[in-house]
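Colleague: I'm new to this one. Could you walk me through how to read it, step by step?

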Amino acid sequence: MAVNFAGCSLPSEKVTVRTHTRFLLNKETLPPHLQLSEDGTVIHFDELAVESENLLTECPAVLGEPLPARGRHYWEATVDHCEAYRIGVTYPPTTRSSSLGRNRKSWFIRYYVTPKGHRYEFLHNGASYDVLITDFPARIGVFVNCDIGQLSFFNAQSGQLLHAFQHHFTDFIYPAFVVERPGFLTVCTGVELPEFAKCS
């Protein structure tokens, strides 16, 4: 029994915080040069599509279902044979590639290959933060902790924190994925929050 100033009460129930974030990709946001697997988890940019699209000038984002701006959300994305992509979150839909990460409503990690090697940028509101990453992350973890107002990107294989943005989210947020060059991007939801994210 627990005792308070109002008298006796029954023991409080244990509160469990749900962190197994699940969402589906919105097929309506899929641009014509991309393909989505039947189970809705794999985005494929076919190399032949580059020729048919005649050098794309913009690569719109594929959006996930909206997530509430409360609690904690974690998901991962695995990228295979792709030389340029963006992974992040955005406020109610901004799908134009030119604005993603360059306005105050979106936060992204961007990877692309240069003649000098791999390059990673973290984009928000026109600012670009270059980070030297020696351990190539094939799997990116995205952790949105609305309780403390923080968005973190991890190397999900090693647990290394790549970058973190501080922001108190006040509206629904949309997971967003931009595949800028031919390759595959696989989205994995329902992942248990790993220990390295709990400690961030």
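Predicted model: local features only at pLDDT ≥ 70, side-chain atom pairs only at ≥ 80, totals over all residues.

Colleague: Where do Lys 198 and Glu 195 lie?

Modeller: Both sit in helix 2 (residues 195–198), three residues apart, which is about one turn of the helix. Helices (H or I, at least four residues) and strands (E, at least two) are DSSP runs, numbered from the N terminus. Overall, the protein has two helices and 15 strands.

Colleague: Is Glu 195 buried or exposed?

Modeller: The cut-offs go like this: buried is under 20% relative accessible area, exposed is over 50%, and partly exposed is in between (1.4 Å probe, protein chains only). Glu 195 comes out at 53%, so it counts as exposed. Lys 198, at 41%, is partly exposed. Across the protein, buried residues make up 46% of the 200 residues.

Colleague: How many salt bridges are there by this rule?

Modeller: The count comes to five. One of them links Glu 180 with Arg 110, with the closest N and O atoms 2.9 Å apart. Glu 180 lies in the loop between strand 14 (174–179) and strand 15 (183–188), while Arg 110 is in strand 8 (residues 106–114), so this pair ties together parts that are 70 residues apart in sequence. Glu 180 is buried at 6% relative accessibility, and Arg 110 is buried too, at 17%.

Colleague: Which residues are linked with Glu 180 in a network of salt bridges?

Modeller: Arg 86 and Arg 110 join Glu 180 in that network. Elsewhere, Glu 121 forms a salt bridge with Arg 119, their closest N and O atoms being 3.4 Å apart. Here Glu 121 is buried at 8%, whereas Arg 119 is partly exposed at 33%.

Colleague: Now the strands. In what order do the seven strands of the open sheet come?

Modeller: In general, strands of a sheet pair through backbone hydrogen bonds, either parallel or antiparallel. For this analysis, two strands pair if DSSP finds at least two bridges between them. The open sheet here runs 3-4-15-6-11-12-13, with antiparallel pairing. Strand 3 (34–36) and strand 13 (160–166) stand at the edges with a single partner strand each, so one side of each has no neighbour in the sheet.

Colleague: How many bridges join strand 4 to strand 15?

Modeller: Four bridges join strand 4 (residues 42–45) to strand 15, and the two run antiparallel. If you want a spot to look at, Ile 43 stands opposite Leu 185 in strand 15.

Colleague: And what about Arg 72, where does that lie?

Modeller: Arg 72 lies in strand 6 (residues 72–80), and at 23% relative accessibility Arg 72 counts as partly exposed.

Notes: Residues numbered from 1 in each chain as written. Heavy atoms only, no water. Salt bridge = Lys/Arg side-chain N within 4 Å of Asp/Glu carboxyl O.
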